[in-house]
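Me: I would like to learn how to read a few features of a protein model, one after another. Could you give me the general idea each time and then the case at hand?

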Amino acid sequence: MSEAPDDLQREHILLRVLWMLIFVIVWQLAEIVLGAVVLLQLGYRAFYGAPNAGLLAFGDSLSQYLAQIGRFGTFNTEEKPWPFADWPEARAPQGEAPHEVPPASHPVRDEEPKL
């Protein structure tokens with residue numbers, strides 16, 4: 001009878017190892033995406049003089065996602081990261097203010113005749 005909890009524990013750790021291996025692969029892919037975001041943001045910043053708001057938000061949420069994977073992989077939490085949990089919400093930037101595109105001076109006109 002005492003072997004049943006041991007078997008359950010062994011099954012639990014094997015399942016955990018499988019998830020950890022999957023998230024290691026996801027980590028590697030997300031790392032490449034984060035590197036691309038860094039390069040795009042650098043180019044945007046050089047061209048416009050301020051970072052892109054969309055890249056700021058995505059970069060922050062992706063960084064938090066990587067942190068969630070790290071916490072799960074190091075046994076700091078039992079909660080699996082996205083897609084099992086919500087995607088992390090981007091926080092307000094603490095660095096430079098993002099580049100803002102001013103609104104158009106006039107609305108876009110619909111040139112097609114209306115019937």
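Me: In this predicted model, does Phe75 count as buried, partly exposed or exposed, and why?

Reply: Phe75 counts as partly exposed because its relative accessibility is 46%, and the partly exposed class lies between under 20% for buried and over 50% for exposed. Phe75 is found in the segment after H2, and among the residues that touch Phe75 is Met20.

Me: What is the phi of Phe75?

Reply: Most residues other than glycine have a negative phi, and most peptide bonds are trans. Phe75, although not a glycine, has a positive phi of about 65°.

Me: Which residues does a cis peptide bond join?

Reply: Trp82 and Pro83 are joined by a cis peptide bond, with an omega of about 20°, and Pro83 has its place in the segment after helix H2 (53-73).

Me: Which residues make up the largest nonpolar core?

Reply: In soluble globular proteins, nonpolar side chains tend to be buried together. Here the largest nonpolar core has eight residues, namely Met20, Phe23, Ala30, Leu62, Tyr65, Leu66, Ile69 and Phe72. At least two residues of this core come from each of helix H1 (3-48) and H2, and H2 supplies the largest share, five residues.

Me: What is the volume of the largest pocket, and which residues line the pocket?

Reply: Rolling a probe the size of a water molecule over the atoms shows where empty space is left. The largest pocket has a volume of about 210 Å³, and its lining includes Arg45, Leu56, Asp60 and Glu96. By type, the lining residues divide into four nonpolar, two polar and four charged.

Terms used. Residues numbered from 1 in each chain as written. Predicted model: local features only at pLDDT ≥ 70, side-chain atom pairs only at ≥ 80, totals over all residues. Heavy atoms only, no water. 1 Å grid on protein atoms, 1.4 Å probe; cavity = no way out; pocket = protein on both sides within 12 Å on 5 of 7 lines; lining within 4 Å. Points joined across faces, edges and corners; volume = space filled by probe spheres on them. Nonpolar A, V, L, I, M, F, W, Y, C, P; charged D, E, K, R; others polar. Helix = DSSP H or I, 4+ residues; strand = E, 2+ residues; numbered from the N terminus. Buried < 20%, exposed > 50% of the residue type's maximum accessible area, 1.4 Å probe, protein only. Core = buried A, V, L, I, M, F, W, Y, C linked by side-chain atoms within 4.5 Å. Contact = heavy atoms within 4.5 Å. Lists of a residue's contacts leave out its neighbours within four places in sequence.
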